[in-house]
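Subject: Structure for you to look at

Hello,

Here is the structure I said I would pass on. Please open it and keep it beside you while you read the notes.

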Amino acid sequence: MDTNYSVVIPAFNAGAFLPEAVQSVLGQTMPPLHVIIVDDGSTDNTSEIARNLGPKIQLIRTENRGAGPATTMGVEHVETPVVAFLDADDVWALDKMERQLARLVDQSLNTDAVVGKMTSFGATHLKDSDQESSGWHRSTLTIWTEKFRLVGAVEQMPNGYGEMVDWFSRAREHGIRFHLPAESIAMRRIHENSLSFCGGIGRDSDYLRTAIRALMRKKLLKQ
């Protein structure tokens, strides 16, 4: 079974963190065939840095539309049977993909996608660590490419929060089978500019929106 994979990294003003993120990908015990970096309208040196990170890197530049559309655009360029994802300020454990690919092809698990736990590093005082171990995150998702496309685009929320919550909810509704091992396979960087950890105007509104969207879809299915 072909387990060649590509990695999609949406990046916005990520010049300070991108080299470490990409090194954690290229240094995998089972490295990827391609790394697709989508520069989401950065105003820093993200694109310049990406161009110098090695021959496996494919850089796509787009206007700033958010991490959701950047993720979707990256998947449009994937030609491998498996796709994995990484936020530009996070890093993977050395054998993350080896472990996930083994589970993805394990017929006894009967799974379409594998996610995993995360530990935090950086300015850990910004957030309670107990809230940072959830495996339902873009940086841990490895999935058959055709299954990702079955679910469809990662849709950006108005204020930039919860796009992956919405996508995972839709994936379950499409019957995507997830496997969530107990071990940590990635590290989530906490820093002052991190949207996920610092919060901001509209965060609660976006998460409420994702919940309402899920309820409306369930209601339509029952009709």
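The notes below go from the whole chain to single elements and residues.

**The chain as a whole**

Please keep in mind that this is a predicted model. The protein chain has 223 residues, of which 48% count as buried. Its secondary structure comes to eight helices and ten strands. Among contacts between residues at least 6 apart in sequence, 76% join residues at least 24 apart. The chain exposes about 10,700 Å², and carbon and sulfur atoms supply 51% of that area.

**Strand S10 and its partners**

Strand S10 covers residues 184–190. Five of its seven residues are buried, so the strand is largely enclosed by the rest of the structure. With strand S5 (residues 91–92), S10 pairs in the antiparallel sense over two bridges. Here Trp-92 stands opposite Ala-186 in S10. With strand S7 (residues 117–122), S10 runs parallel, and six bridges join the two. In that pairing, Phe-121 stands opposite Arg-189 in S10.

**Helix H6**

Helix H6 spans residues 163–173, and its buried residues are Glu-163, Met-164, Asp-166, Trp-167, Phe-168, Arg-170 and Ala-171. Just after H6 comes Gly-175, which takes a positive phi of about 85°.

**Salt bridges**

Side chains of opposite charge can pair when their charged atoms come close. How many salt bridges does the structure hold? The count is nine.

Arg-138 lies in the loop between S7 and strand S8 (142–144), while Glu-163 belongs to helix H6, so the pair ties together parts that are 25 residues apart in sequence. Are the two partners buried or exposed? Arg-138 counts as buried because its relative accessibility is 6%, and Glu-163 is buried with a relative accessible area of 7%.

Another salt bridge joins Glu-155 and Arg-170, where the closest N and O atoms are 3.9 Å apart. Glu-155 sits in the loop between helix H5 (145–151) and H6, and Arg-170 is in H6, so this pair links parts 15 residues apart in sequence. Glu-155 is partly exposed, at 31% relative accessible area, whereas Arg-170 counts as buried at 6%.

Asp-166 is buried, and so is Arg-170.

Elsewhere, Asp-95, Arg-99, Arg-103 and Glu-183 are linked in a network of salt bridges.

Thr-80 is found in the loop between helix H3 (67–76) and strand S4 (82–85). Its relative accessible area is 6%, so Thr-80 is buried. Which side chain does Thr-80 meet in a polar contact? The partner is Ser-6, at 2.9 Å, side chain to side chain. Leaving out residues up to four places away in sequence, Thr-80 touches Asn-4, Tyr-5, Ser-6, Leu-33, His-34 and Thr-145.

Ser-42 is in the loop between strand S2 (34–40) and helix H2 (46–51). With a relative accessible area of 13%, Ser-42 is buried, because the cut-off is under 20%. Its side chain reaches the backbone nitrogen of Asn-13 at 2.7 Å. Not counting residues up to four places away, Ser-42 touches Ala-11, Phe-12 and Asn-13.

Gly-15 has its place in the loop between strand S1 (5–11) and helix H1 (18–26). Gly-15 is buried too, with a relative accessible area of 9%. The residues touched by Gly-15, again not counting those up to four places away in sequence, are Asp-44, Asn-45, Thr-46 and Ile-49. The C-alpha atoms of Gly-15 and Ser-47 are separated by 7.9 Å, although these residues are 32 apart along the chain.

Regards

Notes. Residues numbered from 1 in each chain as written. Predicted model: local features only at pLDDT ≥ 70, side-chain atom pairs only at ≥ 80, totals over all residues. Heavy atoms only, no water. Helix = DSSP H or I, 4+ residues; strand = E, 2+ residues; numbered from the N terminus. Buried < 20%, exposed > 50% of the residue type's maximum accessible area, 1.4 Å probe, protein only. Polar contact = N/O pair within 3.5 Å; in protein donor to acceptor, adjacent residues only side chain to side chain. Contact = heavy atoms within 4.5 Å. Areas by Shrake-Rupley, 256 points an atom, 1.4 Å probe, with all protein chains shown as cover. Pairing = 2+ DSSP bridges. Salt bridge = Lys/Arg side-chain N within 4 Å of Asp/Glu carboxyl O.
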